Amino acid sequence: MTTFVLFGGTGDLAKRKIIPALYSAFVNGRLDQNFKFIGAAREKLTDEEFRVRVAAAIESYASNVDGATEEKRAAFLATTHYSKIDARIPEDFAALKDSLQTSETNATLFYLATGPDIFIPVVEQLSKHGLVEGNARVVVEKPLGRDAQSAKEINHSLRSYLNEHQIYRIDHYLGKEMVQNLLALRFANSFLEPLWNRKWIQDVQISISEQVGVESRGDFYDHTGALRDMVQNHLLQLVSIVAMEPPVNANPDAIRDEKVKVLRALHKFTPDEVSKKTVRGQYRAGAVDGKPVIAYQNEPGVPPSSRTETFVAIRAEIDNWRWAGVPFYLRTGKRMASRSAEITINFKPIPYSIFGKSQGPLRSNRLVISLQPEESVQLYMKAKEPGEGIRLSDVALNLDFAEVSNSRRVESYERLLLDAMHGDLTLFVRDDELSAAWAWIDPIMSAWQNDSEGLKSYISGSWGPSAASYLLAQHGAAWGEEFVES
């Protein structure tokens, strides 16, 4: 039997992501027969009042779950309970302990969907009340720290109450089906391995673009920014998977050992390099999908003079034998032209074209791995167009996962929650990974703080500041959409 305790159970993340993920897993028979769900927050609610909110979350965010019926929804709500908990009131944890003991639980998963300032007080009280012994596990949400030092302090405090194997640092991007397929793509296909190095690859581009602004998170986001919110975790995790060496096996720590080597090998920027190899921007008013949107500085909770970045582009390098000299271009932004997440591997051009100048410059072969909105792998090759003479064009060998598999698509939060319940740490971030990521980010943040002129603006609905295009153009490269548009 598993008991799932959700701190921050009345919050936005719980409503939009975690409760729908639990419900989907329940509907599809992925949870224990005697599964118990306890929501925990400071608000005083009865079980029935909390169930009303859970039902509303299901209606808004999980109404289309395959196999859902009124009977299954009623059965899920019957597993649901509520416990009023304030992290500063020890007596609240005593009541939670009584609830857990009466359930005769075999394993307990505590999910901290709260601000990071609450992590340590909650874990401390759980430890003092004997609730993190045995099979107990704790999931902590990002952001885990604001810089290398604060992350180190949080990790040190967590490990004073928990063993490392009990700590599940969640990054929902690692739960995406296509991110896991990267491991299969890299290490189960023999034709790619000889090409996956500096000899054959020109550059790597990893881009995550969002059409949404900061929505209701203005106050939180203004103290975070795109570098902390997206680059330090999502983008660097993708870099580590793309660039890692083959692990000795598929065990969690073997995979994470190789990922951390990549993060430690990332070239750390000097202040002068930061100004040349990074671009930061902030969106101004514009239109997204034909609808007008306001500037970042006019968003609720954002100071009118805010200098927080909503866009980042970086030319990163990995100082190791496999990748020396290969640029990794990273980009993320809000209020962009479209919502997408892609990894593009641009191979080096052919040494000589036998087709003459009439063909014009031939774009190199490329492998495009799409994570969202649809998951696919496309290998772009040159082929002759039908008709007289020889005229070449790009042809994509397309693997569309929605078409080749009839299996149910599992959303990232559902997969990660199930992995945590089963004790599988493969898709969770280890403490040394987190430390290595922050060690690379810190010099960039420090240089930006001392540069009052470096923040560029860009129109909402565009692909970001023009400086981001120049970052690549000066090396003869271009972002993927610029090739399409040209």
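Start by selecting D92 and its neighbours: leaving aside residues up to four places away in sequence, D92 touches K84, I85 and D86, where a contact means heavy atoms within 4.5 Å. Before going on, note that this is a predicted model, in which local features need pLDDT of at least 70 and side-chain atom pairs count only at pLDDT 80 or more, while totals for chains, interfaces and linings use all residues. Residues are numbered from 1 along each chain as its sequence is written, and side-chain values use heavy atoms, with hydrogens and water left out.

Is D92 buried or exposed? With a relative accessible area of 12%, D92 is buried (buried is under 20%, exposed over 50%, partly exposed in between, using a 1.4 Å probe and protein chains only).

Now select the whole protein chain and colour by secondary structure. You'll find 16 helices and 17 strands (DSSP runs, H or I of at least four residues for helices, E of at least two for strands, numbered from the N terminus). The radius of gyration is 24 Å, close to the 23 Å from the globule rule for 486 residues, so the chain is as compact as a globular protein of that length (taken over C-alpha atoms; the rule is 2.2 Å times the number of residues to the power 0.38). Its C-alpha atoms fill a box of roughly 80 × 50 × 50 Å along the principal axes.

As for contacts between residues at least 6 apart in sequence, 77% join residues at least 24 apart.
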